[in-house]
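Here is a short briefing on side-chain contacts. Look at the structure first, then read the points below.

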Amino acid sequence: MSAALLPKPQMRRLLASRMKFHLLGAFLVSMGCATLYKFGVAEPRKRAYEDFYRNYDPVKDFEAMKAAGVLESAPAK
């Protein structure tokens, strides 16, 4: 009696039918992760570098390091 209530298991093409679902899911998850990384990490990092180098003066920074005695090739005066 209980054997008549259970559906028959799929014995052929089980891998192919499940593979379509899992490949689509994996593609969507990977695209979502890439998008989150781009807008959550890469773009803010680019903006931070742009803001830093917009007002950066390398000569002033060199003179400050030279005065602090950080550079061995350019002794402090």
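Predicted model: local features only at pLDDT ≥ 70, side-chain atom pairs only at ≥ 80, totals over all residues.

**The salt bridge of Asp-51**

- Asp-51 forms a salt bridge with Arg-54. Their closest N and O atoms are 2.8 Å apart.
- Both residues belong to helix H2. They are three residues apart there, so about one helical turn separates Arg-54 and Asp-51.
- Arg-54 has 56% relative accessibility, so Arg-54 counts as exposed. The cut-off for exposed is over 50%.

**The network around Glu-43**

- Salt bridges link Lys-38, Glu-43 and Lys-46 in a network.
- Glu-43 pairs with Lys-38 in a salt bridge. The closest N and O atoms of this pair are 2.9 Å apart.
- Glu-43 also forms a salt bridge with Lys-46. Here the closest N and O atoms are 3.5 Å apart.
- Why are Lys-46 and Glu-43 separated by about one helical turn? They are three residues apart in helix H2, which covers residues 14–54.
- Glu-43 counts as partly exposed, with 21% relative accessibility.
- Lys-38 counts as partly exposed at 37%.
- Lys-46 counts as partly exposed at 47%.

**A charge over a ring**

- Lys-38 has another contact to look for: its charged end sits over the ring of Phe-39. The distance from that charged end to the ring centre is 5.6 Å.

**Aromatic rings**

- Two values describe a pair of aromatic rings: the distance of the centres and the angle of the planes.
- Which residues do ring pairs link into a cluster? They are Phe-52, Tyr-53 and Tyr-56.
- Tyr-53 counts as exposed, at 51% relative accessibility.
- Tyr-56 counts as partly exposed, at 33% relative accessibility.

Conventions
Residues numbered from 1 in each chain as written. Heavy atoms only, no water. Salt bridge = Lys/Arg side-chain N within 4 Å of Asp/Glu carboxyl O. Buried < 20%, exposed > 50% of the residue type's maximum accessible area, 1.4 Å probe, protein only. Helix = DSSP H or I, 4+ residues; strand = E, 2+ residues; numbered from the N terminus. Phe/Tyr/Trp six-rings, centres within 6.5 Å; stacked < 30°, edge-to-face > 60°. Lys NZ or Arg CZ within 6 Å of the ring centre and 35° of its normal.
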